[in-house]
Each structure stands twice: as structure tokens, then as C-alpha cells.
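Try each task on your own before reading its solution.

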Amino acid sequence: MSRIIEGLLYSESHEWVKVEGDLAIIGVSDFAQAEMGDITYVDLPSEGDEVQAGEEFGALESVKASSELYSPVSGTVEAVNDELESAPEKVNEDAYGAWIIKVKMSDTSELDSLMNAAAYSEIAG
Amino acid sequence: MGTFAYFPHTEEDIKVMLERIGVSSMDELYADVPSEFIHRGEYDLPAAKSEDEVRAWFEALASRNVKLTVFAGGGAYDHYTPSVIPYITSRSEFLTAYTPYQCEISQGTLRYIFEWQTLICSLTGLDVANASMYDGPTAAAEAMRMCVACTRKRNTVIASSALLPNVLATLRTYARYSGINLVETWDIAEAVSEGTLDLAGVVVPSINRFGIIENHTGLASLVHEMGGLLVEYCDPSALAVVKTPAEWGADIAVGDGQTLGIPLSYGGPYVGFMACRSEWMRKLPGRIVGQTSDAEGRRSFVLTLQAREQHIRREKATSNICSNESLMALWCTVYLSVMGPEGLRKVNSLSYQGAHYLHDRLLATGKFSDPFEGRPFLKEFALQPLCDVAKLQQALLDKGFFGALGTEEGYVTFCVTERRTREEIDALVKTIEEAEL
Amino acid sequence: MRYYDKLVFELSRPGRSAYSLPAEPAGESGFAPVGPVWRETPLDLPELSEPDVVRHYTNLSQMNFGVDTGFYPLGSCTMKYNPKINEELVSLFNGVHPLQPESSTEGVRAVYDFMDKALAEITGMKHFTFLPCAGAHGELTGLMLIREYHMSRGDTARTKIIVPDSAHGTNPASAAVCGLEVVVVKSRPDGLVDVEDLKPLLGPDIAGIMMTNPNTLGLFERDIKEIASLVHECGGLLYYDGANMNPLLGVVRPGDMGFDVMHLNLHKTFSTPHGGGGPGSGPVGVAERLVPFLHKPKVSGFHGNFGVIVRACAYILSLGRENIKLAGKLSTLAANYIKESLKDSYKLPIESVCKHEFVFDGLAEHGEVTTLDVAKRLLDYGFHAPTIYFPLLFHQALMIEPTETESLQTLDAFIDVMHKIAREAADDPELLKTAPHNTPIGRPDETVAARQPILKYSKQ
């Protein structure tokens, strides 16, 4: 049973979003990290990159798999979690602590299409 | 059943197998194939040959090739092959294995690839190397694609017109279909500084198609200022003595391992190599071997960083390469182990001295001028013929020499390796002196 | 097999040498070049004597398993026996320079001409190019030819290629390198391409479809005739991935099924050794209407992997028109025999006659034991493992391809061991989870290898 945290928003591709004003803090859910197994590398974008809702911004890699990361919102990458470059296992250890990027949102109404914890638990039980 | 050495099945065996399956004939196993597609007639192929007949067939063909003393390069060089190499590479444990998917019974393959990666890093001065590419030209094409992948959304690659013709042709092919804007130029520095906003990379030869060792001082910083990567195409044997890609500041080095003791063999199999700075490691194409340990702490080797590859990432892979040229990488690895630093230096020294001797003697015949006077070269050089090129080439062929390779620019190139004796060089010069051209 | 822990660098002693070169010419100035273009960094290569070199690589080889060591049922790789006469012939051509004039290479050209005719006859294609150095390289070349064909007709909108979800990973990867967008067509529950799913994908933007037939489940695509006519009607071409040609060798010709372009893996179907991962050779054949484009894409340095082509040529001469008619059939016989013998112990997801290979979806009663565990346990019994976790259609895929060169005794020994492993999985799962036990190393830590890559040797 994977952990799902109240108060976050979730995408169908298993990213979570924590909203702070017009800033979206994005990571992957506990379900996603468990499916991947031991994560060996997080392919990160650069600060200043533009991202589009539903489009790829990076990838998670394990020994035998790769999984693209999709941005739940559009905007500009304000910060990336550089720590994951040398310590990708942080995503396995604490999926909700290990944020991946922070995006300054260009359209906060995109958040409306994301799921709350209850809805997400339907697909990631 | 007739007898055929590679099919072990007796009539009785086949019967047993058919019974277990529950069919009455092998044809029944093809009942799902529309019957119009079953090829019922005889194949228009020769009748089966015995081993002796096969050998005789090939010996007859081989005798129709004219044995020539090679004074030509152009991307394939007649270097010496230590006899140890074919002895080792023909060991069935290496020869008849495949890609080391089951690492516990493939430590032999994995270890030599790890050694090969280390040796390529030693020669090029760069940080990481992959397990091999098909050949030098395809490695260059992969490097061109890698420049685009590393610089995200940039799409122009500038290639030096002085690269070997077969390297340029392969770059053009790959660029054409993958939609890369490939710009060829004789003046790299000018083309780069003129500026293009989407410069992904620049591909230059360490030793160019005229045999000249190019001076790339300042090039890397110029390319980097414009946001691109620098790729050096090199001869790995020559890297023992000429400035390395790392010394020039390059990001990626590629080339053909043929000069590391692989016979000419009409062009293949050879082996491409590829190395890069560690920051681009995850964009390298192809297999990569890494070191780790098993549960008991024994040093072990595995295929690693596989998430880049086609079997995992499919259309998003860094390349489509799957099979590479592993056995030829072993070939080169054994070569470098045999030669060591002193042997490889001596190969270059002998080649250099032979080539410079021939160069001077050819100029003295009065039948050539030197279009690149004073430019440094190693084993290959270009001259401007002051005579009819076709006649020159034929005169050499008539005496059993292959040399005076024509270039698109109207020059002819000669190459001397450590295998060419002074007697052979003198005989070549004498042929040219005496020929009416 | 015995664990041997040396790397060549660790055997090095300064001053040793194993090379044998002529003396430097006397009385000349020697080689001491100066100037900006010469290497400054010292060259770090190992220094060994010849006996050291031979012993080191012999020791390495003894940690390796090849076709000559034992049964190697690696699915989709066609690990058939590699005839020894073929090896001996290659050196006849060692001294031929690839740029020599044709007048001096008649013998070499004759090998290519023979192979062009023979492969055309065997496949029903018109002509072949031999430049591609491997199967994936052949795919890429074939797709380039498809693009050339459409472009020559001004049909520039065809930028998409259809690839079944069961395809080898190289198919979509080659398409991407060739600048084509991949459209996936689904498989039906019976494992074959879903024609109904295919129909709506076809249109004026489709360059063609890449098919593997039999597919990666070892199943013959029975609807190939309808698929061919649908794709052709929409203006697309059919590409045949020759990775699975072996069961059709001497039985069915891809050209007759409507394929326009194909590659062969000489290192699979035509018996050339796999060399620890290569060199291979991936000649590409085309139907008549694509011949004008055949030699346009210059995809490799010279003339392809000639040495591999020589070996394949020798194999065809040995087979001859008589034995070729049995090659494919015997490979199909062997695969079906194993499948029928093991389907009680292993889960057969699709009950059907297979061709040269088939796929189990793990153990019938697996509990905690995975396909990986089964594969590792097989190593203990002296067999190479099948291909595992491919195709992706099944979670515990175990893909078995025996080839036609294995005797009934070998197949039976493998079957016995597979049954035994199934019993072990029930009785003592830990034995499998910790396998292999009799190999030079146990399961290495691949996660560490990928997280902190060590990709070259460094002196302590």
C-alpha cells in the first residue's frame, strides 16, 4: 500500500504538486517510486526552462526501466533539486520529501484538472 | 534424413518430437502460414558442398584478388597484427558468446570491454568510453547526433571538409534523415565565429584527409562560447604521439579502431570507438560496462546505464545500436596489451620515418609538388602530381603497389606504416622514376 | 568456470613488452617531433610479456559461456552453431585494402555477387546492400530507403511509421534515428497484430509498417496478406525485421508475403558467430521498385563487414539447396517440442503452434519466484538463460529459442532441468532467489553500478 498525502494534488502520470502561491512544487508519488524500484538517476531540466502541462520535463531511471516525468502545470522552472543528481535514492526513501522541480505557474487554472488525495487513491491504491 | 554436419536430428528423433507435439509432420507446424506463401519449389542455389569443396571455392576466389603492397590509407591502414590476437579472439568462449546479458557467466566479455573502455580513455584523455560502435564513420555520425541531444533543441552541426570522405558521406546520410542541419566547411573557425544560434557541435579531424595533423589551438573555447560541443575524429594508434582530444579541449572523441592491429580485410569488420567528458556520460549511445560487486564482495562487471538504450527506452533511446563490434574491441584491447606504450610509440616512429623518407624521395623525382609544405604529418601525406594521375596509378598497380590514392581536390595521397620496408619504399620510388607519366 | 580477478592493468610491470617490430632505420635522426600538435600527456598503457597477455585473456575467456560451451536458448538471438570452416576462410582476404581498384579485387566482388543472388533467392527480394553492420543498422538503412522512395515521388507527408507493441526495441529506436514518428499498433489477445486497430492508423501520413514475422512471441502473423494489402493501398511500404527469419529459412520468402524492404541478421540466420555482441552484418534487401535507391544511403565506412559476409557465404555453400529446406523447419520443430514439454510447469499465455521461439509468462505456480530467479538458476545447471522480460506484453516473459543445431538429447536435458527448477521453486524458493551458486560471481549489485558508475580502471 503506497502512501498518499492529503493536501497535495496529483496527476494521472503520478506526479504530485504542492501549491505555494503561483509556485508549484513537483515530485513523484510514493506509488510511482515503488513501481520503479531502486531509482538510479533523475534526469533534471535546467533552471529557466519552460515547461508545458502534460509535457515531459525529465525522467527517472532504474536499472531496467526508464519513466518520463510529465509536468502537471505550465510555466518556468524556478528551481531544480540538484541533490537528486548525486542521491537519486532520496526519491525512494521519501517520495514526498524529495521534490524534483519548482515551477512558476503561468496558468493556475491548470491545477483544476488535477486530482486530490481521495481521487488519486482510486488509481494508485 | 540426409546427413548434414550441423543438424543433429535422426529420423527417430524427429518422430519422437513430432509425437510429443501431436502433429504428423513438420509441414503441419506451418499450417498457420497461408499456403500460397510456402515456397515449394527448389531454391536456385548450388548443391551442398563438402568442407574441402567450400575451402577450394574460396581459395579460387581469393586467388583472383591481386596481392598488392599497400602504400595507401584513406581510412584503412596496413599495420602489423601480432599473432597473439587472432589466437585469443578465436577462443570459442569469446567468439561464440553474445552480448553479456547474463553477467554471471559473461565476466570474460565484461572485463575485456571494461579494459577497452579504460584504454580508449587513456588514448583520448577523456573520461568515459562506450563498449564500441560499428566503425569510425558511424561513430562520427552518432557523435553528431549526440551533440544535438546534449545541447537540447540546437540542430546545426559544422563538419570540417577535411574529414575523410567516408566520414563526411556517413555524416551526410545520418543528417539527411534525422533532420540535422549539417554544414561542411574548410574554414571551421570562420564558420563557428560567424555564428549560428543553434550550433550543437563541430566535428573536426585530428589528422585530416591529407594526412596533416591539424592545429586546433583555441577551437574548443570558440565552439563552447557558441554553445556547441567539439568532436575530434582521431586515429587511435596515432593518439600515442599526436595531441589528444582532451588536450585540444574536445567534448567527444570518435574514430576507427582499425589502426590498432585489425587487418585491412576489405573494410571490415572494424570497430568504432567513442569517448566523452563525464558530463555527457548519460547521452552516450550503445553498451557501457561498469564495475560493481556481488554479495560476497567479489569485484564484478555488468552492463550499466541501460536506461539510455533501445531495449528500454525504445524511440526515446540515445541510439538504435544493439549489436556492436565487441570481438573487434577485444582485438584492439589485446593489441594495446601487446604493444604497450613503447610498442605503440615505435609503430608511430617507424611509420613517421618511413613516410617522411618516401615524401622526400617522391618530391625529388620532380613528378610532384608539395601543396602543404611545412605542415606536420605522421604516416600519410598528400602531394600535387605534376603528371597524369591515372597513368601513375596504373604504373604502380602493374608493379604490384597500391598507392597514389586520388583525392577530390586533385592530389594523391601515400601512406607508409611500420610494415613497409626501405626496400619496398625504394622500389615504389624507382617505379615512379622509371614510368613514363 | 573459475573466478579470476585480474585486469590487464594490474599485471603491468614497467619495461616489459610483448611486441615484435623491426629495428629503427640506422643513421637517421629518429622520431622526436616538436610543436603544438604532438601529445604531451604521458601514455598509460599496460606493459606485459607475451605469455602474460595470453594467460590473462585465456583466464578471462574461462569466465565466459558461448554456444560452444553449451545450450544457449536466447530468444530472438538465434544462437545456432557456428561452423569452424567459416572461420578459417576469413584470413584469405586479410590483405585486401577497401579502396583497391576493382581490377585487383575480383575475388572479393565475386563473394558479394554470390551473396546478392543467394540472399535474393532465399528471401524473394531483388537486390541487397551489404553496408549495414548489424540488424539495427539494417533497420535504419531500410527505413532510409522507404523515405527515399516516398520523397522521390514527392510524397513528403509520409513521416510516420507503424510499429507493433510486440516489436524489438530497435524498431522504434531506428525509426526515431531516421526521423520518423512512431505509431504503435496493438496486439490482440492471441498475440497477433490487431488488424482492426491498424485500419484507422493508415492514411497519407504513413510511410509504412515494420513487421517481425513470426513476431517476438514466435507466432506467425497469419493476417499478413490482409495487412500487406491494407498498407499498400494506403500508399505505405512493408518492412520485414529479419531478426526472426530463421524459422522461415528454406520455407517462406518475405518477398512473397508482400514485404518491400527487409534486413537479415547474418549473425543469426546465417550462422556467423556473435562475438560477445558483434560484429554482425545486417544486409538490406529490397523489392524491384526500391532498387534505384538501394545504394544511396552511405551508412558505413567502406563495404560493410566483409569478414562476416564471407562466413555467411560459406554457410550457404555448405547448406546448399538441399539442406536449406530443413533449416527453418527443424528450428520450429525444436521450439514446439520444448513448448509442449514444459507448458505444464510454465505458464503458456497463448496456446498456439509457434515458430522458432515462444514465450512463457513465468512459472505456472510462481509464488515469490520470478523469471529472473529461474534464469539465474539455469546458469547453475550449465545452460545459458533464455531472453527474459521481453517482449513487454507479459510481466514475467521467458523467451526460448533453441535453433536447429541442438540435438534431442540437449533439448531433453534442458527440459528436465526446467522441470526440476519448477519443483525447486515450490520446495525451496530461497535456492532460486539466491541463484546462481556455481558461477564465478553471484548476482552483482546493479543498482550501485548505475548510481555511482565506475566505467574505467583507476590505479589505487
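## Getting oriented in chain B

Chain B has 14 helices and 15 strands, where helices (H or I, at least four residues) and strands (E, at least two) are DSSP runs numbered from the N terminus. This is a predicted model, in which local features need pLDDT of at least 70, side-chain atom pairs count only at pLDDT 80 or more, and totals for chains, interfaces and linings use all residues. Residues are numbered from 1 along each chain as its sequence is written, while chains are lettered from A and ligands numbered from 1 in the order in which they are written. The predictor gives the complex an ipTM of 0.98 and a pTM of 0.97.

**Exercise 1.** Describe the extent and burial of chain B.

*Solution.* Start with the box: along the principal axes, the C-alpha atoms of chain B fill roughly 80 × 55 × 50 Å. Next, apply the burial rule: a residue is buried if 20 or more other C-beta atoms (placed from the backbone) lie within 10 Å of its own, exposed if 12 or fewer, and partly exposed in between. By that rule, 60% of the 437 residues of chain B count as buried. Finally, look at contacts, meaning residue pairs whose C-beta atoms, placed from the backbone, lie within 7 Å. Of those in chain B between residues at least 6 apart in sequence, 73% join residues at least 24 apart.

**Exercise 2.** Find B:Arg152 and B:Arg314, and decide for each: buried or exposed?

*Solution.* Begin with B:Arg152, in the loop between helix H6 (136-150) and strand E3 (156-160) of chain B. Its phi is near 40°, a positive value in a residue other than glycine. B:Arg152 has 10 other C-beta atoms within 10 Å, so it is exposed. Now move to B:Arg314, in the loop between helix H11 (310-313) and helix H12 (326-364) of chain B. Phi of B:Arg314 is also positive, near 45°. B:Arg314 counts as buried because it has 23 C-beta neighbours inside 10 Å.

## Moving to chain C

**Exercise 3.** Why is helix H9 of chain C described as largely enclosed?

*Solution.* First check confidence: pLDDT is the predictor's confidence in each residue, from 0 to 100, and its mean over chain C is 96, with 100% of the residues at 70 or more. Then count: eight of the 10 residues of H9 (371-380) of chain C are buried, so the rest of the structure largely encloses this helix. Among the buried ones are C:Val374, C:Ala375, C:Leu378 and C:Leu379. The cover over the buried residues of H9(C) includes strands E9 (387-388) and E10 (397-400) and helices H10 (408-427) and H11 (429-433) of chain C. Following H9(C) comes C:Gly382, with a positive phi near 85°.

**Exercise 4.** Which residues does a cis peptide bond join, with omega about 0°?

*Solution.* One such bond joins C:Asn213 and C:Pro214. C:Pro214 sits in the loop between strand E4 (206-211) and helix H7 (224-233) of chain C. Another joins C:Ala435 and C:Pro436. C:Pro436 belongs to the loop between H11 and helix H12 (446-451) of chain C.

**Exercise 5.** How many residues do domain 2 and domain 3 of chain C each bring to their contact?

*Solution.* Domain 2 of chain C contributes 18 residues to the contact and domain 3 of chain C contributes 19 residues.

How values were computed: Contact = placed C-beta atoms within 7 Å.
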